[in-house]
Every structure is written in C-alpha cells, then in structure tokens.
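Please keep the sequence and the view of the atoms side by side as you read.

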Amino acid sequence: AQSVTQLGSHVSVSEGALVLLRCNYSSSVPPYLFWYVQYPNQGLQLLLKYTTGATLVKGINGFEAEFKKSETSFHLTKPSAHMSDAAEYFCAVRDTGRRALTFGSGTRLQVQP
Amino acid sequence: DAGVIQSPRHEVTEMGQEVTLRCKLISGHNSLFWYRQTMMRGLELLIYFNNNVPIDDSGMPEDRFSAKMPNASFSTLKIQPSEPRDSAVYFCASPGKERGASTSTDTQYFGPGTRLTVL
C-alpha cells in the first residue's frame, strides 16, 4: 500500500523568501510522484512530476522538486516566493502498477507581503 | 491537457434527492477517475475506469453511489439518495497527451470540480 505524508498543513513565508513544502511517501515499488497546486475554488493543476530519469525535476512557476529515494522524499521548493504562489499544494504518488493517485493531506501556503 | 469539463459546477440539494454529476472529456480517453475532496478526508479516489470499464471502485462509499462511463468521452457519478455527509467537491480526472507526444501521459488532468451541498 502506498501513502503520502505532507508535513505541515500550513506554511507561511514572506514574499521573496524560500519556499519548502515537504512530502514523504511510502511505496512498495518505484513510484511516480507528483505535485499539484489548487487555487481557491479551482481544480488541481499539475506543477511537476517525477517518473524516471533525472531526480531533480523542474516545473511551472519556478517550482522544482527532488526525488530522494534514500529518504523517500519529494520536497517542493521555490527560491523566491511570490504573492501569487498562495494556494494549497498536494503531493501525490502513483505506483507503477496502479493508475490512481494517492494524495497527501495538502499544505496551504501563505505568502506575506 | 485532457480538457475536462464538469457539470454542474455547483449543486445544492436536499437530503434524499438524487444527484447526478457529469464529466465530459474534450479529447476522449479510455481512462477516467472520480475523486472526492472534503475537509476531513482530503482527496480520495472514488472509482476509476479503464476502457470504459470500472477497474477499481473500492473508494465508492456505499451503494448509494454509482458511476458509469458509457463512452470514451463521458461519465456520470450518481448519488441516490443523497445525504448531508456527501457534501464535498467532486473531481473528474483523465490522462492527457503532452505536447508532441503520440501517447497519453502518466499525468492526470483534473476538471474544475462540482461543489455539492446536501442540506
């Protein structure tokens, strides 16, 4: 069985500061990993994904994430937060043998001016 | 992306009424997923279809819930009778093709969701 843990349901940063959203997963097989962003009253939008190959993945809006197998982590980072980054972020895992995604509980990012 | 359209966007109904949520794919695909989002349980899979056949419906709460995918472009999720605890946002998702790709991706693209309120 696979699971996803997102540490910190709320994260607050100042505009221009580093954003770090944590995600740890458990999976019995090599996983596919995803980060989605959800703006208020909207659906989920893909930020980035890891399937195979390079472990540092770059996504949209300046976000990136690094797959660390030894730590079973896939933390999301952005060097400099922007006000428009305020949203809820979801980490998700998909086992290669299963099509559906398992989501973490989400982290709400606040960006202070 | 897959171009996922959901209707209605908002639904308010009274307990006991039948509710039908719809999902339309602009580019038909043989895989489709229904998820539910609540404050208490977060995002959880209800059911997914492959080749229009339900493959995993273990997330469907109970017999009051049913889903169909009559063709590659359309699916419905029905709740009968509805209860207040069914209040949630229901998302439909489907894999899509990335630019230049000849086959679908591992990525699921989500519709805007239907916000259901059962009074």
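Where in chain B does B:Pro81 lie? B:Pro81 lies in the loop between β8 (74-79) and β9 of chain B, where strands (E, at least two residues) and helices (H or I, at least four residues) are DSSP runs, numbered from the N terminus.

This is a predicted model, in which local features need pLDDT of at least 70 and side-chain atom pairs count only at pLDDT 80 or more, while totals for chains, interfaces and linings use all residues. Residues are numbered from 1 along each chain as its sequence is written, chains are lettered from A and ligands numbered from 1 in the order in which they are written, and side-chain values use heavy atoms, with hydrogens and water left out.

**Backbone features**

- Most residues other than glycine have a negative phi, and most peptide bonds are trans.
- The peptide bond that joins B:Gln80 and B:Pro81 is cis, with omega about -5 degrees.
- Another cis peptide bond joins B:Ser7 and B:Pro8, with omega about -10 degrees, and B:Pro8 is found in the loop between β1 (4-7) and β2 (10-13) of chain B.
- In chain A, A:Thr72 is a residue other than glycine with a positive phi, near 45 degrees, and A:Thr72 is found in the loop between β8 (64-68) and β9 (73-78) of that chain.
- A:Thr72 counts as partly exposed because its relative accessibility is 31%, where buried means under 20% relative accessible area, exposed means over 50%, and partly exposed is in between (1.4 Å probe, protein chains only).
- In chain B, B:Asn52 also has a positive phi, near 70 degrees, in a residue other than glycine, and B:Asn52 is found in the loop between β5 (42-50) and β6 (53-56) of chain B.
- B:Asn52 has 28% relative accessibility and therefore counts as partly exposed.

**Disulfides**

- A search of the whole structure finds two disulfides over all chains, a disulfide being a pair of cysteine sulfur atoms within 2.5 Å.
- One disulfide joins A:Cys23 to A:Cys91, with an S to S distance of 1.9 Å, and this link is left-handed, with -65 degrees about the S-S bond.
- A:Cys23 lies in the loop between β3 (19-21) and β4 (24-26) of chain A and A:Cys91 lies in strand β10 (residues 87-95) of chain A, so the pair ties together parts that are 68 residues apart in sequence.
- A:Cys23 counts as buried because its relative accessibility is 0%, and A:Cys91 counts as buried at 0% as well.
- A disulfide also joins B:Cys23 to B:Cys92, with an S to S distance of 1.8 Å, and the link of B:Cys23 and B:Cys92 is left-handed, with -65 degrees about the S-S bond.
- This pair links distant parts of the chain, with B:Cys23 in strand β3 (residues 19-25) of chain B and B:Cys92 in strand β9 (residues 88-95) of chain B, 69 residues apart.
- B:Cys23 has 0% relative accessibility and so counts as buried, and B:Cys92, at 0%, counts as buried too.

**Surroundings of B:Cys92**

- Leaving out residues up to four places away in sequence, B:Cys92 touches several residues, including B:Val4, B:Gln6, B:Leu32, B:Trp34 and B:Phe110, where contact means heavy atoms within 4.5 Å.
- B:Cys92 and B:Ile5 are 87 residues apart in sequence, whereas their C-alpha atoms are 8.3 Å apart in space.

**Interface of chain B and chain A**

- The size of an interface is often given as the accessible area lost when the parts come together.
- The area buried between chain B and chain A is about 1,600 Å², of which carbon and sulfur atoms give 51%; buried area is the accessible area (1.4 Å probe) that two parts lose on being put together, summed over both.
- B:Leu43, B:Asp106 and B:Phe110 supply 34% of the area that chain B buries against chain A, more than any other three residues.
- The contact takes 20 residues from chain B and 18 residues from chain A.
- Across this interface the rule finds zero salt bridges, a salt bridge being a side-chain nitrogen of Lys or Arg within 4 Å of a carboxyl oxygen of Asp or Glu.
- The elements that give two or more residues to the side of chain B that touches chain A are β4 (31-38), β5 and β10 (108-110) of chain B.
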